[in-house]
Each structure stands twice: as C-alpha cells, then as structure tokens.
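Hello,

Here is the structure we talked about handing over. Please have a look, then read the notes below.

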Amino acid sequence: MLDLTQDVRDLTAAIVDIESVSGDERALADAVERALGALPHLKVERSGETVVARTSLGRGERVLIAGHLDTVPVHGNLPSRVEGDLLYGCGTSDMKAGVAVALKLAAALPAPNRDVTYVFYDCEEVEAERNGLNRIARDHADWLAADFAVLMEPTDGVIEGGCQGTLRAEILVRGKRAHSARSWFGANAIHGIEPVLARLNSYQARRPVVDGLEYHEGLNAVGVRGGVAGNVIPDACVVTVNYRFAPDLTEDQARAHVREVFDGFEVDFTDGAPAARPGLTHPVAAAFAAAVGGEPRAKLGWTDVARFSALGVPAVNYGPGDPNLAHQQGEYVALSKIVESERAMLAWLSA
C-alpha cells in the first residue's frame with residue numbers, strides 16, 4: 001500500500017517502482033484506490049483502472065487535479081534510483097512525479113479552500129479510444145464537473161496554458177502509369193509532389209497570441225508514400241502533412257486552412273484533435289498562477305486539457321517533470337522540482 005504520509009520524493013519513487021505500462025495499470029490503480037479509500041474526507045469511485053476521489057465540503061468552487069498512471073514501455077529503467085537531486089526511472093517525469101504531488105494534496109488537505117476532485121486515469125500514452133478520461137467523460141461526466149482543472153503533465157514547474165490542436169491530412173498527387181523504359185508515355189506522380197513540397201517550404205507559420213500567450217503553429221510533411229514497382233512509373237503519390245494549430249481556430253477552421261494551402265490537390269483528413277484555450281482569465285486560474293509564480297507560456301503540443309475544454313472546463317498543464325525527458329530511457333525528474341510543486345499547490349489550496 002502506498003504511504004501518503006511519507007515525503008513526496010519517497011512517494012514518487014514508490015509509485016515509479018510499481019510498473020504501469022499502458023494497459024497494465026491495475027496494480028498501481030489498486031494501490032492508489034486503497035490509499036485514497038483510507039482517507040475519510042474523500043469519496044472514492046473507480047471505472048476500470050481510473051480512480052476518482054472528491055471532497056464534498058460545499059465550497060463555492062471546485063477544481064480538478066488529474067494525472068495519468070500509465071507509462072511508455074519499460075526499457076531497462078526500473079527500479080528507480082537516486083543520483084544527487086535526480087530521481088531516475090520509467091515515468092519519473094511523465095508523469096508519476098505529478099501523480100505523487102496530487103496524492104500528497106489529497107492526503108494533506110482534508111478541508112481545502114475549494115472542493116477538489118482528484119482523477120488518476122489510465123491509457124494516456126496510447127490511442128485516444130482507450131484513454132481513461134474519454135471513458136469517464138462518456139460514462140460518468142458528472143465526475144469531471146469543475147470550474148477549473150490542472151493536468152499534472154510535465155512542464156518543468158511552469159504553467160503551460162491550453163494546448164495546440166492537431167490534424168493529419170493526406171495530399172494526393174495523381175499521375176499515369178507507364179513502363180520505366182518508356183517513361184514519356186506516363187506521368188510520374190512522385191515527381192509531381194514538387195509543388196506540394198514547395199508550398200510547405202514557403203509556408204509562413206502563424207504565431208497568434210491567445211489569451212495573452214503566444215502559440216507557434218506548424219505545417220509539415222511527416223510522410224511520403226508512393227511507388228508501384230522498380231520498373232513502373234507511379235500513378236499516385238501521397239504526402240502526409242501534420243498541422244499544429246493555435247486555439248483560436250476550431251478543427252473545421254483548421255481543415256479549411258489546410259484545404260486552402262493545398263488548393264488544386266485532393267486532400268483527405270485522417271485524424272485530428274481540437275485545441276484548448278489557456279483558461280487563465282478565470283479567477284480561480286488567476287489564483288493558481290499567483291500561487292505557482294513564474295511566467296505562464298503556451299503549450300506547444302496536444303494534451304488532455306483539450307478534453308476538459310470540450311467539457312467546458314478551463315484547464316492548464318502544470319507538473320514538476322521536464323517534458324523534454326519524457327519517454328527517454330534515461331528519464332528523470334529533479335527531486336527539488338517535486339517539492340516545489342507540492343509547496344505551490346498546497347499554498348493555492350490552503351490560502
């Protein structure tokens with residue numbers, strides 16, 4: 001059983017040492033459920049390997065603090081180890097340090113200044129349909145009701161507001177098959193992608209300011225698919241592009257923009273996810289920013305804050321881990337950052 005009275009650094013190491021690769025989070029979810037179930041001020045519920053715990057104090061505001069329990073596959077980086085101020089191990093940065101902070105808050109604050117919902121969920125590192133937040137939003141949406149949410153994603157202890165949206169599209173260039181010995185009877189579709197690449201090379205990415213934070217968009221080729229055989233002029237070639245768009249655009253507007261960039265070509269969208277606005281204008285978010293300190297920045301990437309945004313809950317990313325270390329074999333988290341994160345969030349919820 002996890003001991004929520006121990007130092008947050010030791011608790012982080014204990015959580016890291018419970019292996020929880022995506023789809024195999026049960027042991028950790030069981031430990032979290034048992035630890036939270038022993039706290040009389042919390043109502044604890046569970047769906048699959050997602051554990052939700054809530055205070056019910058009748059406060060005027062409710063905040064939600066969420067962290068995912070799963071990690072990418074272990075790669076010779078368990079058990080954890082400490083070297084100086086650094087804790088090494090799978091999931092240390094992304095995001096078991098954040099989970100440890102949230103668990104410490106749950107145990108240390110029987111009467112926070114706002115009602116709090118703690119969500120510890122499964123399958124964040126894999127396909128969206130398996131994501132625990134998706135399941136809760138579908139089956140128990142009332143569990144996620146809140147005025148503001150903090151997702152304990154690794155941000156190196158800096159508030160990162162909102163997130164970019166993302167979509168992928170396939171740009172199809174058509175040609176005409178022919179024998180490569182008589183290529184002039186055909187039209188080479190691979191050669192025909194040159195104008196697609198030219199448009200990408202000349203593309204000027206937007207850098208819009210949304211709710212005071214500057215986002216930097218990007219439109220890039222991430223794949224090329226073409227060719228029939230070693231002696232055949234290909235009649236089709238596909239360039240896959242990825243558009244990372246700022247939260248001042250909807251998915252429909254983002255698709256319209258990509259169609260405009262590649263006007264004259266066949267465009268097929270294969271997947272996408274909406275952006276989320278920073279949500280820092282809400283008074284409870286302002287109080288959080290004041291407690292944490294530092295200068296908030298835009299989240300350049302997609303995170304589950306978008307799921308909260310879709311539910312009408314403004315959300316930010318904030319956690320002690322360094323996002324640049326996520327998923328690396330040598331992943332680590334600074335122990336001092338974990339302590340700093342715990343201190344800031346305790347101050348926010350107890351002031």
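**The largest pocket**

Helix H4 (132–139), strand S9 (165–174), strand S16 (266–273), S17 and helix H8 (305–310) each give at least two residues to the lining of the largest pocket. Helices (H or I, at least four residues) and strands (E, at least two) are DSSP runs, numbered from the N terminus. This is a predicted model: local features need pLDDT of at least 70, side-chain atom pairs count only at pLDDT 80 or more, and totals for chains, interfaces and linings use all residues. Residues are numbered from 1 along each chain as its sequence is written, and side-chain values use heavy atoms, with hydrogens and water left out.

The lining holds 15 nonpolar, eight polar and 13 charged residues. Here Ala, Val, Leu, Ile, Met, Phe, Trp, Tyr, Cys and Pro count as nonpolar, Asp, Glu, Lys and Arg as charged, and the others, Gly among them, as polar.

**The sheet**

Eight strands make an open sheet with mixed pairing, in the order S1-S2-S6-S3-S7-S18-S8-S17. Two strands pair if DSSP finds at least two bridges between them. Strand S1 (43–47) and strand S17 (297–298) are the edges, each pairing on one side only. S1 and strand S2 (residues 50–54) run antiparallel, joined by five bridges. Arginine 46 has valine 51 in S2 as its bridge partner.

Helix H2 (residues 26–37) packs on the sheet and touches S1, S2 and strand S6 (115–121). Contact means heavy atoms within 4.5 Å.

Best wishes

Methods: Axes fitted to C-alpha atoms, helices over the stretch in contact; angles between N-to-C directions.
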